[in-house]
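Biologist: Could you pick one part of this model and give me a close look at it, residue by residue where that helps?

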Amino acid sequence: MSPAVARRAALAAQGFAAPAPGGPITRRHLLRTLERIRLLQLDSVNVAVRAHYMPLFSRLGPYDRDLVDDAAWTHSSRRPRLLVEYWAHEASLLPPADWPLLQTAARSRGWWRHYGVLADRQPALVDDVLAAVKELGPIGAGELEKALGGVSKPRPPGATWWERSEVKRICEYLFGLGQLTTGARRHFQRLYDLPERVLPPEVLAQPPVDDDEAARALVLRSASALGVATEPDLRDYYRLNPVRSQAAVAALVDAGALLPVTVRGWRHPAYRAVDAKVPRRITGRALLCPFDPLIWERDRTERLFGFHYRIEIYVPEPKRRYGYYVFPFLLDGDLVARVDLKSDRAAGVLRVPGAFAEPGADVPRVAAELAAELVTMAHWLGLGDVVVGDRGDLAAALAAAVAAHA
């Protein structure tokens, strides 16, 4: 298989070969997209737009962001939740049916597991947290701290984000175990609740899933979402245990559910989902946030597109090459440019401090298509204009294209 074929298979699996909806975007479109990509990664950075909103915009175009909020954090007997929170690739929104599989996988991984030392040392605090959430939830960790009357060591003044109070650490530990989940979000703060008040009864009624069975099911979901992938790619989608992932891939190959393939230029063997489609060509455009599942595994992004991409949030500003929060630009199946984006909500504009073309890009066409997509994104975010800065070899052409578009 050539890299070009693997790239088209990956794009099709991620929903970039599907035509854009012709009318208003509904829960049905959300479900259809989730059937492909399986999850929406959450992230606290809000410099341009929250990460979990952007993949749907990239694939569907402008939509009402309340669609995601209602699907994830609003529940009624008439409209059950379409999404729940749990650890997957990272903290993610995912279909409730996948929650038991991830809960099983969490037994062998999870950064939160080191909080178990605190839980073992203070079992009464665990009981107090669960009892308080049962009585008061959905509730944030700060409110829980007050409700419990200071029974635990609080977060010290001036502490960093990771220097959490004991109550917060216990909440995250119980969240990782699946004994707590997110009932709602308030200004992006997680409000903890009991799973039985959030998850559908049929999900809660499922018997525990065997570790190996869960790994096979999750690897199949990864394969469907990736199209063509190496075992490390398949493992990374849900951050699975390497040994269990390798055993799952071998079992699925033996069962005929995964097809081994060789992609020219790839170091590792690859696997193709049996139902993977390979369209003759990919058309259309999309801006991709740093946490989009098409590009979140940077080595895979480079293999598929020849596009070296790193997020530079934690790089000191003088050492940044492209900018703080950079979005790759997909055009007709290739990553042809990247733009540093910032939503200036006070001024009501989408700022583009830097714009950079990839080598060999058709600059006039890329600038025109990118300008149109940026204007669409700005309007989707409720911003009135796009303001292009002067950093990057694409900046001048993009500024002219934005002005012409306006």
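Modeller: Let's start at Val68, which counts as buried because its relative accessibility is 0%; buried means under 20% relative accessible area, exposed over 50% and partly exposed in between, with a 1.4 Å probe and protein chains only. Before going on: this is a predicted model, where local features need pLDDT of at least 70 and side-chain atom pairs count only at pLDDT 80 or more, while totals for chains, interfaces and linings use all residues. Residues are numbered from 1 along each chain as its sequence is written, and side-chain values use heavy atoms, leaving out hydrogens and water.

Val68 sits in helix 4 (residues 66-73); helices (H or I, at least four residues) and strands (E, at least two) are DSSP runs numbered from the N terminus. Leaving out residues up to four places away in sequence, Val68 touches His52, Tyr53, Leu56, Tyr63 and Leu93, where contact means heavy atoms within 4.5 Å. Between Val68 and Arg216 there are 28 Å in space, C-alpha to C-alpha, and 148 residues in sequence.

Arg216 leads us to the part I'd zoom in on, helix 13. Arg216 belongs to the helix 11 side of a contact that also includes Ala215 and Val219, and Ser245, Ala248 and Leu252 are among the residues facing them from helix 13. The axes of helix 11 and helix 13 come within 9 Å and cross at roughly 70°; axes are lines fitted to C-alpha atoms, for helices over the stretch in contact, with angles from 0 to 180 degrees between N-to-C directions.

Helix 13 itself covers residues 242-254, 13 residues in all, and its first and last C-alpha lie 18 Å apart, close to the 18 Å expected at 1.5 Å a residue; that expected span is 1.5 Å times one less than the number of residues. Its buried residues are Ser245, Ala248, Val249 and Leu252. Looking down the axis of helix 13, these buried residues fall within an arc of 100°, so they line one face; the arc is taken from the directions of the C-beta atoms as seen from the helix axis. The cover over them includes helix 11 (211-226), helix 12 (231-238), strand 7 (258-261) and strand 8 (270-273). On the face turned away from that buried side you'll find the exposed residues Val243 and Asp254. And just past the end of helix 13, Gly256 has a positive phi of about 80°.
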